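Please look at the sequence and the model together, and keep both in view while you read.

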Amino acid sequence: QVQLVESGGGLVQAGGSLRLSCAASGIIFSWYVMGWFRQAPGKEREFVASIPWSGRSTDYADFVEGRFAVSRDNAKNAVYLQMNMLKSEDTAVYYCEARQPGSSWERGYWGQGTQVTVSS
């Protein structure tokens, strides 16, 4: 059974930092591209960042503007999202996602999400 479990969300003031973690089980982790998405109230889910198995060629949404960093530890079956200089508009539920290369995000595995709230 595939499980992706996010943690690390919480309440933080604008300008602060959070580090999200996602622990994966039930998959051969190094085979998967890992991604982070988010969904704010009343909005559609949107892409935040992704990282391939090698850890190279990371990709970020434009709104990240150099504030976030995605990383992974294949030995621990974990992916991380370091978020700095948080803004109120970063408030959302953040989801971890795993997909095989060449597959669409919609067909991947998803975690249950972790809430990030940034107060202004």
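Does Arg 67 count as buried or exposed? At 5% relative accessibility, Arg 67 counts as buried, where buried means under 20% relative accessible area, exposed means over 50%, and partly exposed lies in between, with a 1.4 Å probe and protein chains only. Before going further, please note that this is a predicted model, in which local features need pLDDT of at least 70 and side-chain atom pairs count only at pLDDT 80 or more, while totals for chains, interfaces and linings use all residues. Residues are numbered from 1 along each chain as its sequence is written, and side-chain values use heavy atoms, with hydrogens and water left out.

The side chain of Arg 67 meets that of Asp 90 in a salt bridge, at 2.6 Å from N to O; a salt bridge here is a side-chain nitrogen of Lys or Arg within 4 Å of a carboxyl oxygen of Asp or Glu. This pair links distant parts of the chain, since Asp 90 sits in the loop between S8 and S9 and Arg 67 in the loop between S6 and S7, 23 residues apart. Strands such as these are DSSP runs (E, at least two residues), numbered from the N terminus. Asp 90 is buried as well, with a relative accessible area of 1%. Through salt bridges that share partners, Arg 67 and Asp 90 are joined with Arg 38 and Glu 46 into one network.

Arg 38 is buried, with a relative accessible area of 6%, whereas Glu 46, at 33% relative accessibility, counts as partly exposed. By the rule given above, the count comes to four salt bridges.

Another of these salt bridges is formed by Glu 65 and Lys 87, whose closest N and O atoms are 2.9 Å apart. Here too the pair links distant parts of the chain, with Glu 65 in the loop between strand S6 (59–60) and S7, and Lys 87 in the loop between S8 and strand S9 (92–99), 22 residues apart. Glu 65 is exposed, with a relative accessible area of 56%, while Lys 87 is partly exposed, with 29%.

Next, consider strand S8 itself. Strand S8 covers residues 78–83, and five of its six residues are buried. Strand S7 (residues 68–73) runs antiparallel to S8 and is joined to S8 by six bridges, where two strands pair if DSSP finds at least two bridges between them. In this pairing, Val 70 stands opposite Leu 81 in S8. S7 and S8 form a hairpin with four residues between them, and Asn 77 in the turn has a positive phi of about 55°. Strand S3 (residues 18–25) also pairs with S8 in the antiparallel sense, over six bridges, and the bridge partner of Leu 18 in S8 is Met 83.

The disulfide joins Cys 22 to Cys 96, with an S to S distance of 2.1 Å. Cys 22 lies in strand S3 and Cys 96 in strand S9, 74 residues apart, and the pair thus links distant parts of the chain. With -75° about the S-S bond, the link is left-handed. Cys 22 is buried, with a relative accessible area of 1%, and Cys 96 is buried too, with 0%.

Technical notes: Disulfide = S-S within 2.5 Å.
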